[in-house]
Amino acid sequence: MTTHTRDVEVGIVGAGPAGLMLSYLLHLQGVEAVVLEKHSRHHVEQRVRAGVCGQPTVDLLRDIGLGARLELEGLPHHGFSLRFDRRDHRVPLTELTGKRITVYGQQEIAKDLIRAHAEKNLPIEFEVSDVALHDLDTERPCVTYVDATGNAVRLRCAAVAGCDGFDGVSRHSLPSGVLTVYEHEFPYAWLGVLAHTPPSHGELIYAAHERGFALHSMRSPELTRLYLQIDLGDRLEHWPDERVWEELQRRLDTVDGFRLREGPLLDKSITSMFCFVAEPMCHGRLFLAGDAAHIVPPTGPKGMNLAVADVRRLAYALHRLLRRCDPEPARTYSESCLRRVWCAQQFSCQMTAMLHRDPDADDFARRLALAQLRHTVSSRPAAASFAEDYVGLPFE
Ligand code: FAD
Ligand code: DHB
């Protein structure tokens, strides 16, 4: 098979929020990039994942001219409920921080970014296979792959961005010993469902219950997103729709008779709850961003927001490196991203432990979690600190 060789400044592996946003930000700074994605455009635009955008992410989308649909269809939220002891305890985000969150599906952001790429003729190659990274220690790394029509391609770059998620190839292309990995697994998982029914409450509800955690979220006035804590190793076939609704109703029950509106389930998936950080987030001319470098448990909705924060910094660093011969922002890229990552990790782990029922915990640990919940909703400084972390640290 003949191999076609192409040159580009930045090769980006992965068309999730990190890869798409990086490509667009680079374009705005005049740096050319190619995005390589193993799945189809349809798959990327339909995959149900994140729903909560922090204020910094929303502001960035607006600042780069991609906020119109989010403004129109996104659901701004000024608070949410911590539900425990069968009662709601509202965290008034805006009152405490002056900021809000916006519920707008990750796949909607993907659609907006893909459309913006199409309008400006920016290259995204979908359905590529056999992606491999080479010569990362040199100033001319390259990415080889097979494109959707079966042609072998060699992409010669000045830098490669590994935006290919936790299971991607980029992180694994580094020589062993380069990365230090920090991991933690929680002894439970999440079952997530998308239901064709209007939300049952105007805001998100994070419920701590003796049977386990439950979350009421939404995607639109017609679509509700719900999550249930389930056992580690549990499988989708153990969760027929009736059981999902029964368990959600029990865990979201309140003293004043709250009932969820039920409806057909359109999507059902299991997410494991683990934390992962790979340090440093770059080596030679490979820069990792988003889930390729770190995973936070989804309880504090941070993963996509962190991915956006990473690539905002990376776009600047690559522009300085490739167009201004200034290596300093690239040199400090990892260190400055990791500071935010560990803050988010700490917040998400704490929120996870506070809200879930840990099967391995003793009664003492359970009382501590309850004490923390009570403190969070009854002390204004504690609520304000929690709310600041939840809405997201500003991009500096
Ligand atoms: P991904 O979205 O994983 O994108 C990586 C892309 O790379 C994929 O398209 C993949 O197909 C592609 N790829 C992988 N390997 C290759 C390869 N070899 N070649 C080419 N392409 C490849 N975060 C929030 O901020 N808010 C939330 O409310 C929130 N809720 C969540 C709920 C759930 C149930 C889950 C699971 C996650 C949630 N997250 C949330 C986290 C968020 O979804 C992720 O952090 C986010 O998707 C990370 O984006 P990314 O671009 O780094 O990686
Ligand atoms: C959603 C996901 C989260 O992880 C979260 O904390 C809140 C909402 C969601 O998918 O809507």
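Predicted model: local features only at pLDDT ≥ 70, side-chain atom pairs only at ≥ 80, totals over all residues.
## Shell around ligand 2

Ligand 2 is surrounded by 14 residues. The closest are Tyr206, Ser217, Arg219, Tyr227 and Pro298. By class, the shell has eight nonpolar, three polar and three charged residues.

Two strands each supply at least two residues of this shell: β16 (214-220) and β17 (223-231). The largest share, three residues, is from β16.

A polar side-chain atom of Tyr227 is 2.6 Å from an oxygen atom of the ligand. For Arg219, a polar side-chain atom lies 2.7 Å from a ligand oxygen atom. Thr299 takes part through its backbone: a polar backbone atom there is 2.8 Å from an oxygen atom of ligand 2.

On its own, ligand 2 has 290 Å² of accessible area, and the protein covers 96% of it.

## Position between the domains

Where does ligand 2 lie relative to domain 1 and domain 2? Domain 1 comprises 3-76 + 104-182 + 275-350, and domain 2 comprises 184-273 + 364-391. Both give residues to the shell, so ligand 2 lies between them.

## The largest cavity

The structure holds two cavities of 30 Å³ or more. The largest has a volume of about 180 Å³. It is lined by 17 residues, and Lys302, Arg340, Asp389, Gly392 and Leu393 are the closest to its centre.

Helix α10 provides the largest share, four residues. The lining divides into 10 nonpolar, four polar and three charged residues. Domain 1 and domain 2 both give residues to the lining of the largest cavity, so this cavity lies between them.

## The second largest cavity

About 40 Å³ of space lies in the second largest cavity. Its lining consists of Gly16, Pro17, Val44, Arg47, Arg49, Gln106, Gln107 and Ala110. Which helix gives the most to this lining? Helix α6 (residues 106-119) does, with three residues.

By class, the lining of the second largest cavity has three nonpolar, three polar and two charged residues.

## Summary

Methods: Residues numbered from 1 in each chain as written. Chains lettered and ligands numbered in written order. Heavy atoms only, no water. Near = heavy atom within 4 Å. Polar contact = N/O pair within 3.5 Å; in protein donor to acceptor, adjacent residues only side chain to side chain. Areas by Shrake-Rupley, 256 points an atom, 1.4 Å probe, with all protein chains shown as cover. Nonpolar A, V, L, I, M, F, W, Y, C, P; charged D, E, K, R; others polar. Domains from an automatic or database assignment. 1 Å grid on protein atoms, 1.4 Å probe; cavity = no way out; pocket = protein on both sides within 12 Å on 5 of 7 lines; lining within 4 Å. Points joined across faces, edges and corners; volume = space filled by probe spheres on them.
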